[in-house]
Amino acid sequence: MIETSLVASGSEVLIGLAVAVPLLIIGGGVAFAVRLRGRGGKSPVPPGEVASDAATDVELARSAEAAEAAAPVDERAPTPIQAAPEPGPAAEPATYRGRLGKARGLLSGYLGAIRSKGRIDTATWDELEEALIRADVGVGATDSVLADLKTRVKGGEIDGADALVEALKADLVALLSTADATLALPGPGSGSVVDPVVDPPPSGPGAADAGAASPVDVWLFVGVNGVGKTTTVGKVANRLAASGVKVLLAAGDTFRAAAGEQLSQWASRADADIVRGAEGGDPSSVVFDAVQRAEAKGHAVVLADTAGRLHNKVNLIEELKKIRRVAGRPPGRVVEVLLVLDATTGQNGLAQAKVFLEAVDVTGVVLTKLDGTAKGGIVVAIQRELGLPVKLVGLGEGVDDLVDFDPAAFVDALF
Ligand code: GDP
């Protein structure tokens, strides 16, 4: 997470390595221990974020407290602006199988024990329940999956532990496949929209004229501070730019000092344009300017970062509503409102989500940091309890560590 730049001669490199390797081993052990300790709570406060105790909203404050409690002391102090991490040339492509080691570690222990017993008895159901609850699938989803499996075992459709695990896998895939996770991606050519989800094209008299002007797709990213919004905006920008879409970033998180700078770094990496406002400035103006600029310069998509924490919950909700209204003014057209949730917060993330759902019509969830948690089951809880599709998943800090949600690959990797 910390970008380090080293310039040294050959001998300095050798000496440096002799000192650095043992330090890295010790440091790695400490980092692992810190992660283990933080398993039950929120991920550490991101470096570069200035701690603020201004938020009074209960849910938001709770998650922030959990984050601060989990953070090592030196990470709580304001730190220099966080650089967008550079994936090394040897970085493996992010795959569910490769990155869900923690989640798989938890489940495989239980499932291995269940399989090895062969027969299904009372203890099997207890173990299965414990596994699903610990993986943060949620009580509701766990109960419904177990009820289905019990009925099928009683009816003789499922015979033996292996068949039970396979049936559980199929149930989870089915549960996760119900929501439409399609992203409103622009079609080939600037400004053309294939699936305007939130602001449909105008109809009635004058519609042809209105449709003739190239609309600018706006994607809003909302969520609590530290969940990975800015990083996700950067990753999406990179992905769209790589597929030939002209992207403009709007640094709508004017509340957090470092967010604009962090986004600038992502913009330059993706070769995307960026509109920034003054710190503490009006985020709606930033988004408005971004849409105007996008239209003038022929950018098809505006990706707008937003603040996750204001002085109180009412301010936050009002601010988001205003941003949403302004972003939807022609030529702007809001096609995605993505709620970014941090998988490591588990069920707490669901409580946070409700605040944002009060403010804006969310079109989908981006679930970040799935690589850093055993609580992979939170995907099930999100879709079931919020009724929202998980559209994208963050599997690491690198630019390519963002994948489309794929229920079958996800469940396969968990098992
Ligand atoms: P924001 O406050 O919501 O904009 O959050 P940031 O984008 O600043 O991200 C907070 C921290 O989470 C940073 O250290 C990111 O590198 C890290 N992060 C974001 N997404 C992921 C992910 O998918 N996996 C991991 N391991 N870290 C992530």
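A crossing of two helices is called left-handed if the near helix is turned anticlockwise from the far one by less than a right angle, and right-handed if clockwise. In this predicted model, α5 passes α6 in a left-handed crossing. Helix α5 covers residues 101-117 and helix α6 covers residues 122-134; their axes come within 9 Å and cross at roughly 165°. Angles over 145 degrees count as roughly antiparallel, and α5 and α6 are therefore roughly antiparallel to each other. On the α5 side the contact is made by L106, L107, Y110, L111, I114 and K117, and on the α6 side by A123, T124, E127, L128, E130, A131 and R134. Sorted by class, the residues of this contact between α5 and α6 are eight nonpolar, one polar and four charged.

D136 lies in the loop between α6 and α7, the latter being residues 139-154. The phi of D136 is positive, about 70°, although D136 is not a glycine.

The ligand is surrounded by 21 residues, and the closest are G226, K229, T230, T231 and E397. T231 also has a side-chain N or O atom 2.6 Å from an oxygen atom of the ligand. Backbone atoms take part as well. A polar backbone atom of K369 is 3.0 Å from a ligand oxygen, and a backbone N or O atom of G394 lies 3.3 Å from an oxygen atom of the ligand.

Next come two helix pairs that share α14. The axes of α13 and α14 come within 8 Å of each other and cross at roughly 50°. That angle makes α13 oblique to α14. The crossing in which α13 passes α14 is right-handed. From α13, the residues K313, L316, I317, L320 and K321 meet V355, F356, E358 and A359 of α14. This contact of α13 with α14 divides into six nonpolar, no polar and three charged residues.

Helix α14, residues 347-359, also packs with helix α15, residues 378-386: the two axes come within 10 Å and cross at roughly 35°. The crossing of α14 and α15 is right-handed. In α14 the residues involved are Q347, L350, A353, K354 and L357, and they meet I378, A381, I382, E385 and L386 in α15. Seven nonpolar, one polar and two charged residues make up the contact of α14 with α15.

P331 is found in the loop that runs from α13, residues 313-327, to β5, residues 332-342. The peptide bond that joins P330 and P331 is cis, with omega about 5°.

Definitions and conventions. Residues numbered from 1 in each chain as written. Predicted model: local features only at pLDDT ≥ 70, side-chain atom pairs only at ≥ 80, totals over all residues. Heavy atoms only, no water. Axes fitted to C-alpha atoms, helices over the stretch in contact; angles between N-to-C directions. Helix = DSSP H or I, 4+ residues; strand = E, 2+ residues; numbered from the N terminus. Parallel < 35°, antiparallel > 145°, perpendicular 65-115°, else oblique. Contact = heavy atoms within 4.5 Å. Nonpolar A, V, L, I, M, F, W, Y, C, P; charged D, E, K, R; others polar. Near = heavy atom within 4 Å. Polar contact = N/O pair within 3.5 Å; in protein donor to acceptor, adjacent residues only side chain to side chain.
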